[in-house]
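Subject: Structure for your review

Hello,

Here is the structure I promised to pass on. My notes on a few loop residues follow below it.

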Amino acid sequence: METRFLESFVVFTESRSLVEASRKLALTPAALSLRFKALEDELGYPILSRVGRIVRPTAAGLRLAEKSRAVIQRTRDLRTLGDDPELAGELRLGVASSAVAGVLCNLLLDIANTYPKLELLITKGSSADLYGMLVEDRIDAALMFEPAFDISKGLEWASIHSERYIVIAPASFGKRNALDVLNSEPFIRYDRRLWSGQIAALYLELKGIVPRDRLELDGLEAIAVLVSRGLGVSLVPDWSTPWPEGLSLCKLELPDDRPFRTMGMMWPRASRRTPIIQALLAMTTGAFR
């Protein structure tokens, strides 16, 4: 049985449609359908149900996908047995959407030059999503933000870089007090569904500030652009990645008890890929120095 076909089917079950799975795999929907037909012929039972143009996995197909993840992982392990584990193999790396966007491209170039036999499979998502993927063994490691809760005993955490929170406001607010601005001006809130947004919300609560909410967004760049255009002010981390060009805003410092968010790497404690993860951790840490 072709493990590539199993891997394609797992990707399909994790996607919203056959078309989306095809894009992820760089295959046509027709080619993907042929792979699934070959699996059905070999297995002897249907793994897909088709109602009109809607294609979904059957209950048996979902069970197959769940079992296949372990098979795919073992196959990946077998491919690396003849290599130096510190220099070769495959690593499924999760990256929080705003964690290292600015340095990720340079980091990937450095990794490719230093470890040419290492293949990185990048998955982007929120830190909460990546944490769930680590627990479910769907990724090998994640560059993400530190949670406010105690992590699972089966996971390791290493801090890389911290970012303080600031108030961003239109440039004309440059001499105003940060807390006064939060109390009085229309507020663009950093999405509270994100861990980093929850840090901002907790700080406002501790300070007894009830802002005049105008919008709630999950994109730091979009928030910065709207603040620059005078739509309001915001409480955000002073993120390390390049800010959008042409902004007309100011950064107002908070008092000494200002919050921080910490970016780092998380991975399973018993991972066979720990040497590769440690090497990647060292390179990422170096990128922030």
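Please keep in mind that this is a predicted model.

Asp137 sits in the loop that runs between α6 (127-135) and β5 (141-145). Its relative accessibility is 42%, so Asp137 counts as partly exposed, since that class lies between the 20% and 50% cut-offs.

Ala26 has a positive phi as well, of about 60 degrees, and is not a glycine either. You will find Ala26 in the loop between α2 (18-25) and α3 (29-43). Ala26 counts as exposed because its relative accessibility is 70%, and exposed means over 50%.

With a relative accessible area of 42%, Gly174 is partly exposed. What does Gly174 touch, if residues up to four places away in sequence are not counted? The contacts of Gly174 are Cys250 and Leu252. As for Lys251, its C-alpha atom is separated from that of Gly174 by 7.5 Å, and the two residues are 77 residues apart along the chain.

Regards

Definitions and conventions:
Residues are numbered from 1 along each chain as its sequence is written. This is a predicted model: local features need pLDDT of at least 70, side-chain atom pairs count only at pLDDT 80 or more; totals for chains, interfaces and linings use all residues. Side-chain values use heavy atoms; hydrogens and water are left out. Helices (H or I, at least four residues) and strands (E, at least two) are DSSP runs, numbered from the N terminus. Buried means under 20% relative accessible area, exposed over 50%, partly exposed in between (1.4 Å probe, protein chains only). Contact means heavy atoms within 4.5 Å.
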